[in-house]
Amino acid sequence: MTAKQITDNVYFVGAADYNCRSFHGYHTPGGVTYNAYLITGEKNVLIDSVKAPFTDEMLERIESVLPVGKIDYIVCNHAENDHSGAIAKAAQLSGAQVYCTVACAKLLEKMYGITGCKTVKAGDTLGCGDYTLSFMPTPFVHWPDNMVTFCEKGGKKILFSNDAFGQHLCTNERFDTAVGAAAALKEAKTYFANIVLPYSKQAANALDAVIAANPDVIAPSHGIVWTTHIPDIYDLYKKLCGDYKQELALVIYDTMWGGTQKQALQIGANLEQSYSTVKYFNLSASHLSDVMDEMCFAKHIAVGSPTLNGTIMPNVAALLCYMKGLKPRGLTFEVFGTKGWAGGAEKEIAESLTEIGCIQKG
Ligand code: FEO
């Protein structure tokens with residue numbers, strides 16, 4: 001395994017996990033990548049790492065550029081396992097100083113016993129001889145410990161954005177130009193819907209700061225690196241963080257013997273009179289990740305379940321649980337369902353959706 005050059009003196013040294021199909025519940029049919037980056041210069045810096053089972057792959061890629069022992073600093077932008085799994089090994093082999101936020105340092109100690117991290121706050125910089133790193137905490141994009149790191153070198157500004165602007169797009173290609181804007185933006189949207197959505201407000205603040213900083217390259221810790229299509233990913237994030245909606249309604253249901261599906265099709269036909277697009281999701285055949293992706297830009301959802309043993313179907317319960325965590329905004333809803341018992345599913349769905357913040361209509 002060798003490193004792949006991103007810009008002058010910046011290399012991808014991460015790993016492709018082609019077999020990952022569930023990223024904490026988010027369906028990833030094409031796998032995921034864990035992007036670590038190596039910056040070489042007067043000081044050599046490792047930015048983030050990989051999930052623990054991919055440690056050797058990361059080390060091999062680093063060794064294709066320089067001996068691991070030559071790394072001077074390690075920046076950990078986020079302690080979640082997919083980025084921190086190889087930090088302890090890299091620090092032990094190199095003796096490098098780890099830099100991270102206070103919250104991240106606490107997590108690294110708890111998770112791996114790593115102590116002595118240098119903690120940074122907004123605006124702190126780290127001189128690396130012929131270049132400088134600067135740090136911007138972005139709490140809750142995705143965990144409370146997150147930050148992003150800027151690197152200014154040779155007149156170019158690179159943003160190492162960690163989870164922000166990421167996509168679960170697993171390919172040996174490294175750039176937006178290689179996979180094409182449409183594919184990269186599609187995966188960036190699904191990623192936002194399933195990971196970043198509950199933190200839209202924090203993401204909006206981070207987005208403003210990033211746009212003001214005007215990086216030439218954005219290198220996230222998942223998926224491809226943004227170069228040519230930076231304005232496009234900004235536009236997408238503005239929509240996802242804001243109130244943007246399309247004339248889109250979703251009919252989401254599960255069915256026992258086909259009765260609720262019959263209702264779903266009738267409700268959908270009615271909705272087609274008011275919305276230019278109506279999409280149908282039978283939860284026995286569709287993954288919640290895809291439903292959530294569509295929910296970002298939808299205006300209305302119709303959710304249906306037959307009453308089963310006095311409650312809702314398990315797939316519908318899973319939908320409501322997933323929505324409760326991801327907190328989709330700006331949705332009206334209606335409910336439907338058949339009943340072989342006294343009923344109760346519709347009431348339960350309505351209560352849950354109201355608690356999530358959706359507004360009942362019809
Ligand atoms: Fe990619 Fe929040 O970790």
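What follows is a working chat about the predicted model shown above.

Trainee: What should I keep in mind about this model before reading anything off it?
Mentor: It is a predicted model, in which local features need pLDDT of at least 70 and side-chain atom pairs count only at pLDDT 80 or more, while totals for chains, interfaces and linings use all residues. Residues are numbered from 1 along each chain as its sequence is written, and side-chain values use heavy atoms, with hydrogens and water left out.

Trainee: How many helices and strands are there in the protein?
Mentor: The protein has twelve helices and 21 strands, where helices (H or I, at least four residues) and strands (E, at least two) are DSSP runs numbered from the N terminus.

Trainee: And what about the overall dimensions?
Mentor: The C-alpha trace spans about 70 × 40 × 35 Å along its principal axes.

Trainee: What share of the residues counts as buried?
Mentor: Of the 362 residues, 55% count as buried, meaning under 20% relative accessible area, with exposed over 50% and partly exposed in between (1.4 Å probe, protein chains only).

Trainee: Which salt bridges could I look at?
Mentor: A search of the whole structure finds ten of them, each being a side-chain nitrogen of Lys or Arg within 4 Å of a carboxyl oxygen of Asp or Glu. One of them joins Lys-189 to Asp-293, with the closest N and O atoms 2.7 Å apart. This pair links distant parts of the chain, since Lys-189 lies in helix α6 (residues 181-196) and Asp-293 in helix α10 (residues 288-295), 104 residues apart.

Trainee: Are those two buried or exposed?
Mentor: Lys-189 counts as buried because its relative accessibility is 14%, and Asp-293 is also buried, with a relative accessible area of 10%.

Trainee: Switching to the backbone, which residues have a positive phi without being glycine?
Mentor: Phe-140 has a positive phi of about 70 degrees, and Asn-162 has one near 55 degrees. Most residues other than glycine have a negative phi.

Trainee: Where do Phe-140 and Asn-162 sit?
Mentor: Phe-140 lies in the loop between β13 and β14 and counts as partly exposed at 36% relative accessibility. Asn-162 is placed in strand β15 (residues 156-162) and counts as buried at 0%.

Trainee: Last one, what does Ala-345 touch?
Mentor: Leaving aside its neighbours within four places in sequence, Ala-345 is in contact with Ser-305, Pro-306, Thr-307, Thr-311 and Ile-312, contact meaning heavy atoms within 4.5 Å. Ala-345 is found in helix α12 (residues 345-356) and is buried, with a relative accessible area of 1%.
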